[in-house]
Amino acid sequence: MKRILLATVLLAAPLCQSEPLAPQELRLRTTIQVHADIGIGASSLFNPRFFDGDIYANQINTPAFGRYPQGSSTATLLVNNTFTPLEHRMVAPFRGALRHTYLLGASGAVGPITTSISRYDFNGENRLDVPVPGDAQATEGFDWVDGNTIIYTFYNPSSSRKRLGLAHVVAEPFSVTPDTRWNSEGYITTSVSARIRNVRVGDVYGGYAYYGDAGQNTNPNFYAINLATGQETLLGNAGTLTGGGSFGVWTVVERGGYLYVQTTDNGVQVYSMNSATSLGALHTTYTKEHLTDLTGYSGQFWGFDVTAEGEMLLGGTGALFELAGPVRLKAYVLEPLWNIPPLEPYEWMSTNHLQRGLAYNAVSGNLLTVSRHPANGSGAVYVINSTNGTFLKNLSTTGIKYDKNFPINMIGVADDGAIYACSLAVNSVTEPTDPISNNGPFRIYRWADENADPTLAYEGDPSDNDAIAANRRFGDTIDVRGAGVTTEILCGTRQGNIVAVFRTTDGINFTHTKILVSEITSTTSTFMNSIAWGPGNTFFTKNDHPTPAQQFALQQFELTVEWGLATLLRTNANLANLGGLIDYDSERGLLAIVKTVTPSAATSGIHELRLFKPTAAGMVQQDHPVTSRLFPGNYNNGNGVGSVTFGGGKVFALAANNGIIALHLKEVVVAPQIFWTETGGFNVDAGSVWSAAFDGSGKTPIAVGLNRPIGIAVDEANSYLYWAEDGIGGQTPSRIVRARFDGSSQEVLFNEWEDGFTNAQMLGLDTANGHVYWTDFMLGVLRGNLDGTGLTVLGGLGSRYTALALDLVNGHIYYGDPMQNGVLFRCDLNGANGVELARDIAQADFRFNAMAVDAAKGFIYYTDTGTHEIKRMNLDGSNQTPLLQDSGLAPLGIALRPDESLFWVGAGQRLGTAKTDGTSGVDLTVVGIGSTPFGVAALSQVPVGNIRITDISVADATVTITWQGGQGPFQLQRRTEAAQGDWENVGATTSSNQATDGLGSQQMFYRVKGN
């Protein structure tokens, strides 16, 4: 019997999370003023929090709260409670499936309802109040232990302020009751001297919560508490504090394996952590003086939050301050958790195409899969532990009608935990036959939960007796969303052009609406493998086929149920050959796609999962540089069946005949290192600017809706990106634009229609003197100040102008005329002393477009799209030498880095890099360059990234761990518990990015330490 891979990877503490920002890296990103936005008096901003990409800002005394997107001072929700008055000392969204449904508000000290906890709808309406557990208690702060449990502090009466309580929270119907796992009272009295203001559940050490002594300023202690046992551990003290009042330690929070200890008047101390209950050294300090300088606020800070990336919140009086570091791009990687191979150890994990459905239950945290084991006409739903892949039980099948080959086939779960499984009806108009076949009415069964018997939620013909046979097949695809009476079920036809939406008025029985989707890509030989709800009122479809010509693009449609129509929104042709099984994660905005069908039905093939992020500029592949994850089996799956599903911060995928894989979704920070432009052709608003890391990972759109962006340059010292837009013939102006590395703070510096130039091309920066230079296709070289003033036409000696590079060492501008097979010119930085250096440096007109100067070595590197070559010449234009040639390259933009690395983009949809002598050429097409790249820029050096484990595999009783980032030598370590225990070295240190360990009989957690 094969062993199920249960090896678990803990991307541990400071090694894989972002290291805390250096104080000098911090800058003020946003100031939030809830009182000003509502029009009430200013008061203290208490216990601010980050949740789901939003900031929750809470004002007491003059009570109100708001929700703001991170990085924005514009609220998406404002609630004014001054009229009640009703004070909440903290507000946070519910967790799990209800995170966008309800808000939870702690009680406080103001108003007639000071001993109740409140639930709001996500839009801030329909408040409900229930008593705080205990007798006449008021709370101060809380945090979510899990989706149903909070840990909270006590505020009144004052004799209770040393307590911490656990409570079980039920959203529907709303109730908050004591959790008695610690004791029958549901709370403990801690060792703090006077009071706790705030308690926070750990990040890496999620089995613990952290808090401090807010009752004194003389050596206030801070603690950890074991959430399972209630055992308290003293971690340290904050020293002798200054400031008015006895406020002491306000917030203690663990992020990424670092402990942040925040005080009202003395800033924030950050410690490394050896374990959940053991501090390491003091890592850094954000002094109150420095925070005051950043925010302009000299008062006391009433609360603090921090993300794993180091973004911070500080609550003051009348204002909430969001601080951030250098702009960081984000991407997702997939961390292997476990897999179940075909055939063993579970007999229902077959190789006969009979296992197809897979769904995640957010309420139970379990995974559900359908298998018609042992043959057609049978079948059951199997419940799997999603954390380790072990089989738990079967759902009840009482009442299932086994009169078809596929009585149950696909499965989905609603947000409330109700389970829906459908039959396969090849012809939903006919009646079942004997012997059994695939004909008969389409059925959907419903389980209220994992312990219930199924009921028949729907039986009928969703095609409404459609005249086209292909429109009468249902059951190959299903997706479910919503809860109760808002539940919606979406099913598609395999080869037809209709889908059906099933809705309910009682949460139990469903009726259908037939939807015409005339633009679905479908033929009589291909098939829709999967359908998935998208953002808002949209859905995705994907067709696949063993024949490449029948592998069609991912399509997204806008649904109008009332009209029975769906309209095509966009087509992603670049995903055509990558698979057919899809699911969309609305929480993270991710799309997973699984390749199942093989090039030939007679041969086995590779089955793999890929991850994408839909953006305004198209699908961006994640999980670089791995790009795809394989299944444990390698058997034929000619029917292209299976499922993929998101849940619990994970993605699970089933490829029929090839098993199940489970991977954790890890959001990582990707330093932007390469930037390039996509002109979008001559289409209005079709241009874009992109970024990636030097290895091609983290491809991210920086700006979209541009008009033929050409040249691009980076100002590393100030984290600014500059680009030149050519404009589109009288419809849109040529522009010089700058933005932060993430595309924020975008501003137009120069505009053709206002400043009188024509068509901006390539770009260069002289930041020391505050200048930006660019070539104008008709006017020559132009110069302006970085603040958008002082435009000067320096002119030139050619007839047309594109290529430009600056030699700031010798005070020269090099520029090119693409006519006459390419002409190279040089002038001083003020435009004087112009000289022609060389002619005929490219194969034909318009082939010489970009160059980069290495003044120290005396070379100019340039591109020749005609010969598909990267070339080099001396600074005087002599000795033109090809360095690298590739018939599909068609290079346009080129950039040079001081470590003798070249980067280029090409019209052949290529991003490449090589050494300056033409060796070590690497094609970085993995990032998926579009069809119209032009300019490229690169940062000067490779940053040392954080270590992250990228893969774990098992073969012959050996675990192999692979990682990226960091600086060697490296040490692999292990322990049996995620959040506690000593780390044990595995083998000796290594300079490699891979190490091995023997596969034992128990679960193991790994981490990698760098130098």
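Two strands count as paired here if DSSP finds at least two bridges between them. Keep that in mind while looking at this model, which is a predicted one.

Let's start with the pairing of S1 and S25. Strand S25, residues 320-324, runs antiparallel to S1, and five bridges join the two. One spot to look at is Thr-31, which sits opposite Phe-321 in S25.

That pair belongs to an open sheet of four strands, ordered S1-S25-S24-S23, with antiparallel pairing. Strands S1 (27-32) and S23 (304-306) are at the edges with a single partner strand each, so one side of each has no neighbour in the sheet. From one strand to the next, the twist averages 20 degrees.

There's a helix to go with the sheet, too. Helix H3, made of residues 288-295, lies across S1, S25 and strand S24 (312-315). Its direction is at about 100 degrees to S25.

Now for the cysteines. A disulfide is a covalent bond between the sulfur atoms of two cysteines. How many disulfides does the structure hold? The count is zero. Cys-422 and Cys-491 show why: the sulfur of Cys-422 has its closest cysteine sulfur in Cys-491, 5.2 Å away, and that is too far for a bond. The cut-off for a disulfide is a pair of cysteine sulfur atoms within 2.5 Å. Here's how the two residues look on their own:

Definitions and conventions
Residues are numbered from 1 along each chain as its sequence is written. This is a predicted model: local features need pLDDT of at least 70, side-chain atom pairs count only at pLDDT 80 or more; totals for chains, interfaces and linings use all residues. Side-chain values use heavy atoms; hydrogens and water are left out. Axes are lines fitted to C-alpha atoms, for helices over the stretch in contact, and angles run from 0 to 180 degrees between N-to-C directions. Contact means heavy atoms within 4.5 Å.
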